Amino acid sequence: MANKRFTRRDFLRTAAVVPFANAIGCCCTGNKLVPVPDNNGARLTQISRLSKVVLVRDAKAVGEGRAHNAEIIQKMLDDAVTALLGEEDPVAAWKLLVKPTDMVGIKTNAWNFLPTGPAIEGAIKRRVMDAGVPEDRIGIKDRGVLNDPIFQQATVLINARPARVHYWSGMGSCIKNYIMFVPKPSEYHGDACADLATIWSLPAVKGKTKLNILSLLTPQYHNVGPRGFNESYLWPYQGIIVGQDPVAVDSTGYRIIQAKRREVFGEDRPLETAAHHIALADTRHNLGHSDPADIDLVQLGWMDGLLI
Amino acid sequence: MKPAAWALTVLVLTGGRLPSMSPTPFQAASPPGALLPADFLGYKAEPPDQTYEGEGIFDYIDGAGEVYRAYNYKSVIVRRYKKPAAAEITVDLFDMGSPKDAFGVFTHDLEGEPWSIGQGSLYKSGLLQFWRGRYFVSIYAENEAAETKAAVSELGTRIAAAVGADGPRPDLLDRLPDDFRGAGPVRYLHSPVILNYHFFVSRENLLRLDGTTEAVLAAKGEKGARRYLLLVRYPTPEKAREAERGFLAGYIPDAQTAGARRVEGLVRTEDGRWTAAFKENAYVVVVFNAATEAEAEAAREAALSKLRRT
């Protein structure tokens, strides 16, 4: 494991220097342009380094009994990916992500009570195939990815899972979804999964993830005790967040969960476990952007109850 | 934790008895399924029951299943109860294999309102949790209302009676210094995962915690200024020595040069607080977050004195 001997004292040293606690849920909104140097060291004029994230919603994506409408979800994914990558045609957009010679692992989440689900998995797979990848070079899996031949040889990963509060990490979202790429997930549970982002630098994963899809079709905003699921804490948000920066995707999803909790509880009630791994993925591990000021959020579709 | 919760926590951790308890020694009880009623107060069991063992628990409660695995759970049986126009109630009956681990898993979550069921119980937001003998029981109502609260309580009472006799608490609790007994949350554990959940020490298992070790993490003081004492018992003094060395090298390598009197195992950490660690026979004690050097040393002396007396 990278940086295995990370102790509380390392954390205290970091905390003394880097005020990272405000990176999530701060009051800053809007876009930020950041000057960067060119190859010669000369300073360019303002160039965006924002992480683009697309939130798409459709009021009919999920029906009675949490039934997913595959056709609508396919359209939502297409709209999101084209908006994200600046293409009009979804297949053209997916061709920017995968090529026919790629081996593609779709890392899903199979937990019985709130899985990613076949509608989202199928929509991804269809477009990966449309982009020219043969079906036998595509795998969809959650547990067991380390022993799966397709994931072992994967050149591209697509990361898709539902958003929900989580006992160990506060928030179960895209960063957390790669916990199955380590042999012993519990090694990452310390300090509310503070260093989950280090998983993203492991060889099985590093540099391979082309798209993160966070399902907020029916997210779970609250939990009581270790029990992971309660139907009454789901709500039909009917949304999907898509982006290439997993931290920006998770940060956006987390803001929506927080907003829902404020709406329901009438106050900023903290999660049972702090979701600080999202901010730390930015400030400690440089995996992506968690500050809303660094995120270019594009909103598409249904706007009722947007919460963000 | 709400102040009222301390009353029961203190009672439980200091060996107090509740009126419903049986004083008889712990004995193995019936098969788990037989311990749950088929119906109560108009609720009826909704078959089939589900049983999970080993890693199967991850199918039921996802990653949080690690909590129960960290306490060596043997199996959990899940039964759902339904009643027309009432919220569904779910019971998780965990056979933890021993009273120690039933107690331990109960101490993992000490939030809630004290309840007088079993050997220790707490209620919060529709969730009642208690332990008795080798069983840990979680009863959960989908929606909290006066009626469901009463139903959850009644079901808990019936199950507590069915699981049989009380079991002993871990004797390691008796080795805590007096000022850490009942002054705040006290958790019994074996696993570094559980330790790090309550108080993050290190990503590496510096203290060599495993299934052969028993540990108690006790806290006192208000949140934000809390002091912690970790007491670990190893199978042999040699194992304790290895653990102490591992901790000193990994966590406080600067200890020998810190402090005016250069006391081994005592250091001022980056937040201005003090950590002290020492070994005594098969025990290792670490005091975290003491406000001053004198406080750290006093806590160490108190712990040492207690260990030598018990």
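Chain B has eight helices and 14 strands; helices (H or I, at least four residues) and strands (E, at least two) are DSSP runs, numbered from the N terminus. This is a predicted model, so local features need pLDDT of at least 70 and side-chain atom pairs count only at pLDDT 80 or more, while totals for chains, interfaces and linings use all residues. Residues are numbered from 1 along each chain as its sequence is written, and chains are lettered from A and ligands numbered from 1 in the order in which they are written.

Of the 310 residues in chain B, 49% are buried. Buried here means 20 or more other C-beta atoms within 10 Å of the residue's own, exposed means 12 or fewer, and partly exposed is in between, with C-beta atoms placed from the backbone. Take the contacts in chain B with a separation of 6 or more: 62% of them are between residues 24 or more positions apart. A contact is a pair of residues whose C-beta atoms, placed from the backbone, lie within 7 Å.

Now the eight-stranded sheet. It is open, its pairing is antiparallel, and the order in chain B is S1-S2-S3-S4-S8-S7-S6-S5. Two strands pair if DSSP finds at least two bridges between them. At the edges are strand S1 (39-40) and strand S5 (113-114) of chain B, each pairing on one side only.

Which strand of chain B is largely enclosed by the rest of the structure? It is strand S8 (residues 135-141) of chain B, because seven of its seven residues are buried. In a regular strand the side chains alternate between the two faces of the sheet. In S8(B), B:Tyr135, B:Val137, B:Ile139 and B:Ala141 point one way, B:Phe136, B:Ser138 and B:Tyr140 point the other way, and all are buried.

S8(B) has a partner on either side in the strand order. Strand S4 (residues 89-95) of chain B is joined to S8(B) by seven bridges and runs antiparallel to it, with B:Leu93 opposite B:Val137. Strand S7 (residues 127-132) of chain B is also antiparallel to S8(B), through six bridges, and there B:Leu128 has B:Ile139 as its bridge partner. S7(B) and S8(B) form a hairpin with two residues between them, and B:Gly133 in the turn has a positive phi of about 55°.

Next, the six-stranded sheet. This one is open too, with antiparallel pairing and the order S9-S10-S11-S14-S13-S12 in chain B. Its edge strands are strand S9 (186-189) and strand S12 (266-268) of chain B, each pairing on one side only. Neighbouring strands are turned by 10° against each other on average, direction ignored. Helix H7 (residues 237-251) of chain B packs on this sheet and touches strand S11 (227-233), strand S13 (274-280) and strand S14 (283-290) of chain B. The direction of H7 makes about 160° with that of S13(B); axes are lines fitted to C-alpha atoms, for helices over the stretch in contact, and angles run from 0 to 180 degrees between N-to-C directions.

S9(B) pairs antiparallel with strand S10 (residues 214-220) of chain B over four bridges, and B:Leu189 has B:Ala215 in S10(B) as its bridge partner. Why does B:Ala215 count as buried? Because B:Ala215 has 24 C-beta neighbours inside 10 Å. Not counting residues up to four places away in sequence, B:Ala215 touches B:Leu189, B:His190, B:Leu195, B:Leu209, B:Leu230, B:Leu231 and B:Val232.

Over to chain A, and one helix. In helix H2 (residues 70-85) of chain A, the buried residues are A:Ile73, A:Met76, A:Leu77, A:Ala80, A:Val81 and A:Leu84. Seen down the axis of H2(A), they fall within an arc of 120°, so they line one face of the helix; the arc is that of the directions from the helix axis to the C-beta atoms. They pack against strand S3 (51-57), helix H3 (90-95), helix H4 (118-130), strand S9 (239-243) and strand S10 (295-301) of chain A. After H2(A) comes A:Gly86, with a positive phi near 70°.

Last, the contact between the chains. It takes 28 residues from chain A and 29 residues from chain B. On the chain A side, helix H1 (8-17) and helix H6 (190-193) of chain A are the elements that give two or more residues. H1(A) gives the largest share of that side, six residues.

Terms used: Two residues are in contact if their C-beta atoms, placed from the backbone, lie within 7 Å.
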